[in-house]
Structure formats: structure tokens, C-alpha cells
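These are my notebook entries on a structure that I looked through chain by chain. I set down what I looked up and what I found.

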Amino acid sequence: MSAKVNAALPLEYQTEQNRMNILGFWVFLGAEIVLFATLFGVYGVLGERYAGGPTQKDIFIVRDVMIQTFLLLTSSFTMGISIFEMRRSNIKGMLMWLVFTLLLGGGFLFMEVREFIHYVHEGATMQTSAFLSSFFVLLGTHGLHVTIGIGWAILLIIQILQRGLTPVTARKAFIFGLYWHFLDVVWIFIFTFVYLQGLVM
Amino acid sequence: MGIKWDEFFVTGDPLIFASQIGIALTLVGALAGLTYFKKWNYLWSEWFTTVDHKKIGIMYILLGVVMFLRGGIDGLMMKGQTAVPENDFLNAQHYNEVFTTHGVIMILFVAMPLLIGLMNFVIPLQIGARDVAFPQLNALSFWLTVSGAALFNISFIIGGSPDAGWTSYFPLAGKEFSPGIGNNFYAVALQIAGAGTLMTGINFVVTVLKMRTKGMTLMKMPMFTWTSFITSIIIVASFPIFTVALALMTFDRTFGTHFFTISGGGMDMLWANLFWLWGHPEVYIVVLPAFGMLSDIISTFARKTLYGYKSMVISIVMISVLSMLVWVHHFFTMGNSAGVNSFFSITTMAIAIPTGVKVFNWLFTMRKGRIKFTTAMLWALAFVPNFVIGGVTGVMLAMAAADYQYHNTLFLVAHFHYVLIPGVVFPIFAGLYFWWPKMFGYMLNEKIGKWHFWLFVVGFNVTFMPMFFLGLDGAVRRAYTYSAETGFGPLMMISAVGSVILAAGFAALVYNIYWSARNAERNIGNDPWDARTLEWATATPVQHYNFASLPEVTKLDAFWHMKKNNELRPLAEDEIEEIHLPSNTWIPIYMGVVFGISGFLLVFEWTIAAGVAALGILAGLAFRSFDYDEGFHVHKDEIFETESKWRKGANKGVKNHVS
């Protein structure tokens, strides 16, 4: 855990502790994969148990889901550019793209909350059927992750403004990037196995 | 929110009333004592805020021992209730609560903290590191475990204990059949402790991968490190499943969703699957580190390198894979197809193969060894025959067709006690006797240790052996009483007498700790057992920075070879460099407290208040994010002074306590 610096590596990989933190975060993402896989499994089991309530076809709105998908996938792209600018030591560019990422993530959340409110108005609540219980908990867990991510990124931006790019702030930004891309990957599965499959069924 | 104050405290039962008074008096006594002796500052700065893996390990062990007392009293109460037919010492409800908490506490708040405590203390020393990869996270793991344990334990005086069994099967555990808040305690307390365990798993995966000292390749790691590493991987792979299952349970009970209830399209078998997808690997999470301890202890006291090191490693990897593929054997009788039952029957029996390999390796390690019969070694020796009984009855249970006869009887209860007590508790005792000198600088008394050993082993067999026969005769588990005509009476009485002997054995351990702390010899050198691995190369008790200069390893059993080849040279003054260590922090204990408060409010379904309290959790995370404390450096002079002191003493001290 020394502060030995290896300047040949990118900023976020330069210290031993940083390399350990990044590996540790990958292991954490492994646990997150199990968590979401379990939720998908639960949805897979309960997804067609409607108990007389609405089905996927009754409630899903294709247009809104497409907008959500577009917002989140684009935010992953801007996140990538942000880290790219970080590697070029361009703090301004990095923060700008990070703010774009946040705005897109915020837009996604706004759409998701609107979607949930719409469902509840239609009488499709978490308590209506097993299908909706598993749907809301799977989507809600993803949405909660996005919300935490936004709070996290705001703290990150403040720290980069305070301290500039150091191995520590660079590592924090890099790890946040991993997290954000992970949420994007989870969304692709939600889009495929919840929305597309639900509409095709 | 609908607070029902009259249901807040559990009242009416004289046993519980006595515990309430007992708890209140103990608390007042402890607080007054700490204030009178002015120990608050010491506790806060040396223990509560520490990030030192050794102190965290010792605190875990303390938690485990205290919980052992609670879980043991639960066990004695059950044995007291069933000792004679139609007893009315406990009523049905109280009995349900006692067997539920006994199971949860013994697995999650005794076995886990004791094992993780020993892992914490030993692993960084065995791999030649200064700490774990994430010291602050380690402290957080500990305080979350404490928080969960505290929450779970207050249930029996506040609100009511969980009463649906440690497996909490639905629909029994749902609102319909368990309307009180007892099962909320189960869901929330285990959620908090489980989050702590998951972080421990992540921490140790990275620690073992990244913090090994120079030359220590994976295949040169001591066996305890290997098994703990594999255990950590199983934790990361299985605990998130439990997290989800418990969260869904909370949603069903508190927010009226339909995951596990039949109404609304839910599915009770979903709970059974999710629970055992975590629950079965959990068995191996507790048993593998215990196996690792046995390997290190047996090779030390047989004075030989572990036989079949490579096959040991392959076995634990095989066990870890198979552990994920056997969960259905917990419910063969709950309506699976014959094909499904056959598959899980075969995978379950397959676990006997790598486990058998390990048992034979231990036996071959002892063969032609010059065995020293220390207390630690006695536990390891007693492990073999007792665990084999557990293993063989396990294969009997693994036969799906035959399981229809045994399931839910005391035969099953006897089986898993024969696996978990010799397979986990014996090794933990062995580990405590073995590593105690490294932790505290003195040994536990060997003579009292032998009392502990004989009482415990005899008591264990007298308690659980009759239960095999009771089970085959049809005595079901979880029944609070039985009629005299069943003929269970005599064997039940023998079993109850055994449990008292067992408890006397545990009392001997507690007495041993007390006696040794007061009277044991302090000048014992750094290597009292003539051991083989790196943790014995440091001072006893270990200096706070672990190693003055990190050792270099060339062989398995590195320390043994260093001793044999006279490579243990004195540390030259110019070799000493400043050592960087992390600072203490209040954040982990703060997080434990806010998690506990929000959890408590959630248990009582005061969701808005719980949400507000949860803001405290977010505040803690934000504080942590802005914490740029870089730690501190231990000065060269301090290192020199400490090192020369113990190195001089090491030669003078009694070299070898057991010849």
C-alpha cells in the first residue's frame, strides 16, 4: 500500500492501492451480476403470473421505453468520452462529458418515474400480481442504482473541481465509469428480456 | 405508522422477564464499569475506530463467543423441553422462537464471526502482508455484522422473535401465518449482517490475489489461506442471492407484494430455491476455512508437510463448484420430478469424493509423523471419526428415494450437527488454541484445554448420537413435545443429559480463557508450537505493522524452511524503512449504528421513519467519499526499538512448549 508511482501506466493505475481498488470493484461487479441475475430469475419465474391483473402488452408503451433506452445508452457513450478526456488530462472536457452523462441519466430516471406513475394510475401496482411485483422490484433496483450513481457522480465532480486530476480522483472517476457502463449492460438485458419479450409474447 | 406500544416489549413470560432484567443489569453494569475505570477513550481509540485487521479479528472472535453463549442457551432450552414427554417448560410458540434463533445464531453469528475473525487475524500474516486490501471496508464489515447481530438479538425482548425456522419457508413465514414482526427481524437483521459478509468476501479475494509477499505463488500459500480464498469467492457468488431473497421477503411482508404468497400468483417454492441457492453454499463457506485450519494444524503437530497439497487445492475448488449444484437436496420431497431429484442426488453424493480425498490426505499427513498431542491437535484428531459419521449419514440422506423416510426427522438434525460441530466448531476450537498465543502473547492452559476437549466431545456424541435412532424411529424435528407412548422418552433424556455435558465443555473453555489471561506464562517466544507458516515469524503478540521488512518466500511452509536452513537472520538497522499504515476512522462504527437504527424502524414497518434514518447511511457514504486521509508512517526508531526487543526475547523465551 505504498504510494510508489509507475508513470508508464494511466493515472488511475499508478499506485498499488489504486490497482487493488479497481480489482476490488470488478469483484463487487461480479456480486452485482449475481444480484441482478437472481432478480431476472425471479422475473423469469413470475413474469407470466398475472393473477387477473394487466399483462405486459396491456401496460408497456413502446415509445417511452425506446426513449429511455436511447438516453441510457447515450449516457454510457458520453461516460466513455469523459474517461477518454481524463486520459488526455483535459479536466474541462472530462467534466463537461460527465455532466452530459448525468443529464442523460437524470432524463432516464425522469422517464422511468413517469412510467411507474403511469402504471400505478392504470391500476398496475406492485401489489397487483406476482408479475408486477417482480417487474417493479427488478426495474426499481436498476433505477435505484442509477439514482445512487447520479449522487456519486456529483460528489465526484466536486472532488475533481477541488483537487484536480490526481491518481486518487482519476481512480474514483474510472471506477464510477465501470459502474455506469455496468448499469447500461443491465439495462440491455432489461430491454431485451422484459420489454421486447413482453411485447412479443 | 400505527405504532402499537403495548406490543413493543415482549411481556408475560417469566423467562423473558428474567432476561429483560438480566440484560438491563448487565448493560448498566458495563456502562458504569467503563465509566468508573475511565476506559471509554481507550475503547474508542484502540478498538471501536480501529482498522487493524488483527484487532478486528479479535473483536469478531469476541462476538462469536458471546453469541455462542446465546445460541447454546437456546439449545439447552430445547433439550430441557424435550427431555421428558409432554413437558410444559416451553410452550409451542416459545419453542418455535427458540429453535429458529438457535439455528440462525449458530450459523450466522457464531460460525461466521469466529471463522472470519480467525481469517482476519491470520491471513495477512500468513501471506506476509501488512493488512488486508481495504482496511476501512474491513472495519465496516465488522460493524455491520455487529449491527445485524444486535438487531437479531433484541427481537426476543422487543417485538417478538422470528418463529418460522431458520429456513423461514413461505407461506409460513409470510404475513398470513406469521402476522407479528418477528420475521421482519429475521429479514432485516440478516440483510445488514449479510452486506457485511459480502464485503468481507470481496476484501479477501483482493487481499489474497494482490497482497502476497514476494515469492509466494498461489501454490505456495498455506492451506488456511487457500480455503479462505475459495470461501471468499463462494461468498461473492452466493450472498447476493440471499440479499435478493431477504429483500423480497421484506417486500412481501411489509409492502404486500406477491413473490412467495400463493395469492396474487406468487410461488412459495421460489423462496425454497432462493434460500438454498445461498444456504447450501453457506455450508461450505463455514466448513472450508475450518478444513484449512485443520490442514495447517495437522501438518504442524505431525511435523510433516501436508500430504497431497495439490490434491487438497483441487478438492476445495471442486467442492466450491459442487456447492452451487446441490441445493435441491434440501427439498427432495417437495414435488420435484424424478429426473430433478436424481440429478441433485448425484451431485450431492459427488461432494463426498473431494471431501474423502481431503480426509485421506490428513490421515496420510499424520502417517509416520511424530505427532504432538496438544489440545489443538486433539481437536483435529477428534474431527476425523466424528466428521466421517456426519459425512456417511449425509450420503444416506443424499439418496432421494430414501430421503422420503428421513426428511424432517431428528435423523437429519443429528446429521447436520455431526457435520457442523466436528467440521466447524472443532476446527475453530483447534484454531483458537493454536493461534491464541499469536493473538495475545500467552497460551491457553493445556490441562483445562483437555477438560474442555473431553467434556465437549463426549457431550457432543451423547447429545446427537441418540437423535439418529430417534429420527429413524420417526421422531420429527421442530416438535415441541411428544407423548409417552411414542417411546422417545429415554433417548430424549440421554440426549438432554449429553447437552449438559456439552455445555460444561464450553464452560471449561470460558474458564480457560479467564484462567490463562490471569495466570499463563507471558515469556513464550514467537514460535511456541515450532510451526511452519509465516505468521509465526513475527513477534508475539504481533506488532501493529506485522512485518518490519516483508519476508521473501521460496517454498511451501516457508517459515519451517527458514528455520531449518538458518535463514532467520537479525534485522540490520539500515534495512528498516518507514512503514505506511492507514489511520483509524469513526465512519464504520457510525455506519453500523445508522444501519441498526434504520433497520429497527423498518422491522416495525415504520417505513417513513426508516427512510429518514437511511439518509444517515447516505451521509456516511458521502463523508467517506470526501475522506482523503492518507494514513501515517511508523517511524524507523519505533520499528527498530520494537524489533530489537522481541528478537532478543525470542531466543530467551521458552523455545518449544510441547516436546
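I take helices (H or I, at least four residues) and strands (E, at least two) as DSSP runs, numbered from the N terminus. The model is a predicted one, in which local features need pLDDT of at least 70 and side-chain atom pairs count only at pLDDT 80 or more, while totals for chains, interfaces and linings use all residues. Residues are numbered from 1 along each chain as its sequence is written, chains are lettered from A and ligands numbered from 1 in the order in which they are written, and side-chain values use heavy atoms, with hydrogens and water left out.

Entry 1, loops of chain B. I looked up the loop between helix 5 (135-154) and helix 6 of chain B, where Pro171(B) is found. The peptide bond that leads from Phe170(B) into Pro171(B) is cis, with omega near 5 degrees. Ser168(B) lies in the loop between helix 5 and helix 6 as well; its phi is positive, about 45 degrees, although Ser168(B) is not a glycine. I then turned to Pro541(B), which sits in the loop between helix 16 (489-519) and helix 17 (558-564) of chain B. The bond from Thr540(B) to Pro541(B) is cis, and its omega is near -10 degrees.

I found six helices and zero strands in chain A. Its C-alpha trace spans about 65 × 30 × 25 Å along the principal axes. In the loop between helix 1 (16-46) and helix 2 (56-59) of chain A I noted Ala51(A), a residue other than glycine with a positive phi, near 50 degrees.

I count a salt bridge where a side-chain nitrogen of Lys or Arg is within 4 Å of a carboxyl oxygen of Asp or Glu.

I looked up a nonpolar patch on the surface formed by Leu73(A), Val185(A), Ile188(A), Phe189(A) and Phe193(A), with about 430 Å² of accessible area together. Accessible areas come from the Shrake-Rupley method with a 1.4 Å probe, and for residues only the protein chains shown count as cover. Patch members have over 30% relative accessible area and no salt bridge; like charges are joined within 9 Å and nonpolar side chains (Val, Leu, Ile, Met, Phe, Trp, Tyr) within 5 Å. Helix 6 (residues 167-200) of chain A gives the largest share, four residues, and Ile188(A) is in that helix.

I found 36 residues of chain B in contact (heavy atoms within 4.5 Å) with 35 residues of chain A. The two chains bury about 3000 Å² between them, 75% of it on carbon and sulfur atoms; buried area is the accessible area (1.4 Å probe) that two parts lose on being put together, summed over both. Lys210(B), Phe626(B) and Tyr628(B) lose the most area in chain B to chain A, together 20% of what that side buries. How many salt bridges lie between chain B and chain A? The count is zero.
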